[in-house]
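Dear colleague,

Please find the structure below, handed over for your reference.

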Amino acid sequence: MLRKYGIGILFTVVAIILAITTEILGLLDLANYKLLDYNFQLRGPLSSWASHQNNPNDSLDVVLIDVDDESFRLLSEIGWPYPRGEIWDAVIRNLTNVGAKVIVFDIQFDARDASTAQVLSVFKGELPPGYQDGDEELAEAILYARERGTEVVMASTIKTEPSRIPPQLLMTPNDIIMKANPDHGLVDIDEDKDHFTRRYPVFGAMAHDADVWRPSLAMKAVKYYLDIPDDPGLVYNMESGEFNFGPISIPTYGSDYPGFLTNIYGPASHAHIGASEAWQTFQRFPLVWIIDTDDYALPFEEEDTNWMSNFDPNSDLNLMMSMIDPDFEVMSSPFQDKICIIGVSVEVMHDYKSTAFFDYLGAPTLMPGFEYHANATQTLLDQNFVHVFGKTIEFSSDSALFHILLIILCAVLAYLAIAFFDPLWGGIIIALEGLILFSVSVGLFTTDYLWFFKWISGNSDNILVPAPGETLFVPIIAPLLVMVLTYGTNVLYKFMAEQKDKHFLKDTFGTYIAPELIEKMYKEKQEPKLGGDSGVHTAFFTDIQSFSSFSEKLSPAEVVELLNEYLTAMTDILLENKGTLDKYIGDAIVAFYGAPVPVENHEKMACLTAVHMQLGLDKLRKKWQSEGDRWPDIVHNMQNRIGIATGEMVTGNMGSAMRMNYTMMGDIVNTAARLESSAKQYGVYIQVAEATYLAAKDDFEWRDLDYVVVKGKNEPVRVYELFSTKGNLLEGYAEMIESFHKALEFYRAQKWQAALDGFHISDSLEDMFPGRSTNPSKVYIERCQYFLENPPGEDWDGSWTLTSK
């Protein structure tokens, strides 16, 4: 018991240590990241602007203003970076005029306006009279917005220059823009090991000024959108491990990272789902639509597009004028009380993030950086945070206890499966445990525990969407790994132990003990000993008809080749039908059924073996005949005879203490041997005793053959000829059997003449194939003729005594 379970427990502990070690080393982090991404894709998008077109007030709180390929092309004559007094001034004013609550720039304005800087370089640092400084115009636009209740948030970033002291520098909008006192937020975002972006910082800090928290861009956007006061502002709650920011409680991603997992609301809003249709998680507008007013003329002459047709097909007005001019009421503003985040999706700018929905639409689609800020902003507004079991996906001081406990639990479940079930069923159970763990983990993420059934039934679109803040991700890669390791190590140990034990038995006893016995000895953990077990089994004897004649026609080498081919084919059939090979005696095969391993319906299996052997021999005959003159006719017409009897016998190890063999002994064994040898006197090829017949009669075709006292016996036995499985008699045999049985009734009633006439009829129907010298009908014809002259008397029991084997 200690050996059986102790080693298994030891290997399970090793599996636990290996799984924990891989966690500590971070070897499973990437797999857990991909699992998180897969959970997002199974859940599907939380929003699409297309679903809100009929109810714009139900849309998300963030709108995207995109410097996309279209805008970049139409404004190509101006060139990037765009002049701030001409473009960005107009953007701020127009969005303010249509009711935007917060305007957020994910574009750096730390350098001077390019157009202004060029003029200054030409005029030696002085602007010519009447020339407007682009940065001053932008500052004036910011003041214009603030006066009308719209706040502008600019982008800032922390740069590191190793040669600088201190090496870190906060890059904010330039001094001229900052005269308007716009707020700014950090746009710095960390990537994970696989270069995907999943987290978002609440704030950033510089090494030389670590106590100063500089909130991120999304935090600033939320601050002004919800009118969160500066006092107390952002506060860290040591007890809960969360940041409190006005009405929002932000769960941190572990104690070492001041941020959270971003809940990605869907694929990138510029991702295409068809030939031309684009997915829009957030409502998205090209930059050129925003500046398209009467004050700014776009090169429409090159375009057939009517911007307004995107909202009102019957209007020839531009988008912004339709909302700015009070004389027009074409539509309500999609920017009203929204956070408008402005950024760049033009590929040459390289501001892209890989997110969970990277390949959601079937083709890799990167998300523009400013849309990632939009997802973080919406996550904060909805408080729709992704919680992690143990706080971090990685193995950390926060997650260590949770991860270890889950690994141990899964290892124990896997060990119980392999300890109390064989490797196959243990593997199936462990696979089910893994599937259940995966299904539960996805259920916790989606809050839909029936997701798997919806998914396999093709209804994945009906998987529930979790309510804000109810998403929980469980990193299960290490628990799954420990299940595999527990199964693998334990199965490998069992296999090696089994092979070791089997090799010991074979090396020690294989030269004189049958392989079947070795298997039995191994399973029962016993050493061979003399003695046996008594039970009802079926004995089986077969040999080749007139085999001595083969030696006269064939050379010794040919006899060996022929016999090996025959015995191989017959033995394969025997073993396929669960028979136990006892021994070969020349051309004879001795076997039995039901020991050492019990065989259900062993009588039927023995009869099935006999029928299959006849069919197998027929295939061999055809093969030998196809080989032409290689074999004489005696080989082409080879027949074998089979005797089967069921009864009490002893099976076990017979012999001496030094050399033994697993065999059978008993009176029924002799009966089976006599049935095989006496079959030649009847001209039959499968002779079966009554007990076997009674157990298997419903599955085969039979002939009631005789009530006979075989050589060496005193008591008569009823015997039967076996032809085939039920319903598979050869043509003409049914009529012959019927005629024979009618004649046999007359015979047993001592109506000799009627029986004689009947047997003549059945004899004419017997199949006298090559090699068959007699048949049961001929045998009974001779007996009837004998009894006509020598009646047996009224006390005759119908038996006949054979005088030879």
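At 12% relative accessibility, Arg 621 counts as buried, where buried means under 20% relative accessible area, exposed means over 50%, and partly exposed lies in between (1.4 Å probe, protein chains only). Please note that this is a predicted model, in which local features need pLDDT of at least 70 and side-chain atom pairs count only at pLDDT 80 or more, while totals for chains, interfaces and linings use all residues. Residues are numbered from 1 along each chain as its sequence is written, and side-chain values use heavy atoms, with hydrogens and water left out.

Arg 621 forms a salt bridge with Asp 618, their closest N and O atoms being 3.3 Å apart; the term denotes a side-chain nitrogen of Lys or Arg within 4 Å of a carboxyl oxygen of Asp or Glu. Both residues belong to helix H19, where they are 3 residues apart, about one turn of the helix. Helices (H or I, at least four residues) and strands (E, at least two) are DSSP runs, numbered from the N terminus. Asp 618, at 28% relative accessibility, counts as partly exposed.

The structure holds 33 salt bridges. One of them joins Arg 112 to Asp 133, with the closest N and O atoms 2.8 Å apart. This pair links distant parts of the chain, 21 residues apart: Arg 112 is in the loop between E2 and helix H5 (114-122), and Asp 133 is in the loop between H5 and helix H6 (134-147). Arg 112 is partly exposed, at 30% relative accessible area, whereas Asp 133 is buried, at 4%.

Lys 220 and Asp 183 also meet through their side chains in a salt bridge (3.0 Å, N to O). Here too the pair links distant parts of the chain, with Lys 220 in helix H8 and Asp 183 in strand E5 (residues 183-186), 37 residues apart. Lys 220 counts as buried at 12% relative accessibility, and Asp 183 counts as buried at 16%.

**Strand E14**

Strand E14 (residues 339-344) is mostly covered, with 6 of its 6 residues buried. In a regular strand the side chains alternate between the two faces of the sheet. In E14 both faces are covered: Ile 339, Ile 341 and Gly 343 are buried on one side, and Cys 340, Ile 342 and Val 344 on the other.

E14 runs parallel to strand E1 (residues 62-67), to which 6 bridges join it; two strands pair if DSSP finds at least two bridges between them. E14 also pairs in the parallel sense with strand E2 (residues 102-105), over 4 bridges. Ile 342 in E14 stands opposite Ile 65, and Ile 342 is also the bridge partner of Phe 105.

**Backbone features**

Most residues other than glycine have a negative phi, and most peptide bonds are trans. A cis peptide bond joins Ile 165 and Pro 166, with omega about -10 degrees. Pro 166 is placed in the loop between strand E3 (151-160) and strand E4 (168-171). The peptide bond from Asp 231 to Pro 232 is cis as well, with omega near 10 degrees.

His 350 has a positive phi, near 60 degrees. His 350 lies in the loop between E14 and strand E15 (352-353) and is exposed, with a relative accessible area of 67%.
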